Amino acid sequence: MQLSGKRAVVTGSNSGIGLGIARELARAGAEVVINSFSDTSEDHALAAELSAETGVAVRYIQADMSKPEQCRALIEAAGGCDILVNNAGIQHVAKLEEFPSEKWDAIIAINLSSAFHASAVALPGMYAKGWGRVINIASAHGLTASPYKSAYVAAKHGVVGLSKVTALEAAGKGVTCNAICPGYVLTPIVEKQIPDQMKTHGMDREKVIKQVMLARQPSGEFATAAQIGGTVVFLCSDAAAQITGTTISVDGGWTAL
Ligand code: NAD
């Protein structure tokens with residue numbers, strides 16, 4: 001299989017896009033480490049289910065990606081990795097002048113700094129093997145902005161910049177780094193925004209989805225976690241060996257507008 005013999009670490013992968021990425025990597029034959037900040041029997045059961053479903057080894061390793069030392073310990077506990085997908089992320093929506101400082105700090109730590117810390121530990125092993133993939137999950141908000149998402153937009157623009165620097169430092173070593181920029185994908189992070197948007201716009205759920213969220217997405221459809229996972233698998237292929245330091249939008253045309 002395409003990724004047999006490769007080990008992948010996907011941060012923030014016990015739900016949503018991360019889980020979709022982990023599933024596609026496992027289906028392509030990679031050994032996979034899934035992660036979140038919790039350490040429940042469900043987390044470990046999820047790894048066992050994914051392993052049973054795909055026939056590859058899947059481990060769950062707990063690490064809080066808001067903590068630099070835990071980001072670094074995750075890669076060490078995994079035994080290094082050939083493929084690192086920096087996916088963990090959170091959201092908070094508020095006017096800039098009312099944005100809580102602790103939410104700003106948490107978003108920058110989880111959505112941006114964790115990618116730096118995990119990459120710093122993972123890259124030397126990739127360089128030693130002469131092959132590696134660092135794939136950062138940014139967002140359409142890494143390329144464009146929306147009001148009330150100051151920390152998220154700042155962090156995701158930061159992720160795009162970090163991806164370019166990583167790519168330049170890794171160039172010529174068999175290691176690529178890119179950022180995937182999804183538009184809206186219907187996952188828990190998006191579900192949680194719907195009630196607030198209903199209140200703000202005085203609309204029902206259906207209207208918020210169609211007229212607010214998907215208004216930015218010309219296809220009129222959500223992207224799926226499996227599609228983001230498929231894009232990750234493509235970036236791990238030989239066809240993508242010269243794709244580095246760039247962004248790949250999976251956004252139904254959002255950033256073409
Ligand atoms: P989600 O809420 O379903 O998943 C987020 C994941 O991150 C979960 O597994 C959660 O447990 C984990 N996580 C949160 N805090 C963590 C921490 N401190 N330590 C470790 N793990 C932590 O959301 P999602 O939509 O799957 O988002 C995944 C990534 O995709 C995020 O970076 C998000 O910004 C990005 N993204 C999502 C969308 C979308 O529309 N859903 C669009 C663009 C980008």
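Predicted model: local features only at pLDDT ≥ 70, side-chain atom pairs only at ≥ 80, totals over all residues.

Seven of them form an open sheet, a sheet of 7 strands in the order β3-β2-β1-β4-β5-β6-β7, and the pairing is parallel. From one strand to the next, the twist averages 20 degrees.

Two of the pairings can be followed down to individual residues. Strands β1 and β2 are parallel and are joined over 4 bridges, with Arg7 having Glu31 as its bridge partner in β2. Strand β4, residues 83-86, is likewise connected by 4 bridges to strand β5, residues 132-137, with the two running parallel, and here Val85 has Ile135 of β5 as its bridge partner.

Helix α1, residues 16-27, touches β1 (7-10), β2 (31-36), β4 and β5, and its direction makes about 170 degrees with that of β1. Helix α5, residues 150-170, lies across β5, β6 (175-182) and β7, and runs at about 160 degrees to β6.

Which residues have the most contacts inside the largest nonpolar core? That core has 35 residues, and the ones with the most contacts inside it are Ile21, Leu25, Val32, Ile34, Val85 and Val232. The most is given to this core by α1, which supplies 6 residues. Ile34 shows what such a position looks like in detail: when neighbours within four places in sequence are left aside, its contacts include Val10, Ala22, Leu46, Leu50, Val58 and Ile61, together with Ser13, Asp43 and Arg59. Another core, of 22 residues, lies apart from the largest one and has Cys71, Ala88, Ile110 and Cys177 among its members.

Helix α5 also has a helical partner. Two packed helices are described by the angle between their axes and the distance between the axes. For α4 (residues 101-129) and α5, the angle is about 15 degrees and the axes are 8 Å apart; angles under 35 degrees count as roughly parallel, and α4 and α5 are therefore roughly parallel to each other. Their crossing is right-handed. The contact is made by residues including Trp104, Ile108, Leu112, Phe116 and Tyr127 of α4, and Tyr152, Ala155, Val159, Leu162 and Thr166 of α5.

Two single residues complete the tour. Beyond its neighbours within four places in sequence, Val56 is in contact with Ala26, Gly29, Ala30 and Ser51. Val56 and Ala240, which are 184 residues apart in sequence, are 23 Å apart in space from C-alpha to C-alpha.

Note on methods. Residues numbered from 1 in each chain as written. Heavy atoms only, no water. Pairing = 2+ DSSP bridges. Axes fitted to C-alpha atoms, helices over the stretch in contact; angles between N-to-C directions. Contact = heavy atoms within 4.5 Å. Core = buried A, V, L, I, M, F, W, Y, C linked by side-chain atoms within 4.5 Å. Buried < 20%, exposed > 50% of the residue type's maximum accessible area, 1.4 Å probe, protein only. Parallel < 35°, antiparallel > 145°, perpendicular 65-115°, else oblique. Left-handed = near helix turned anticlockwise from the far one by under 90°.
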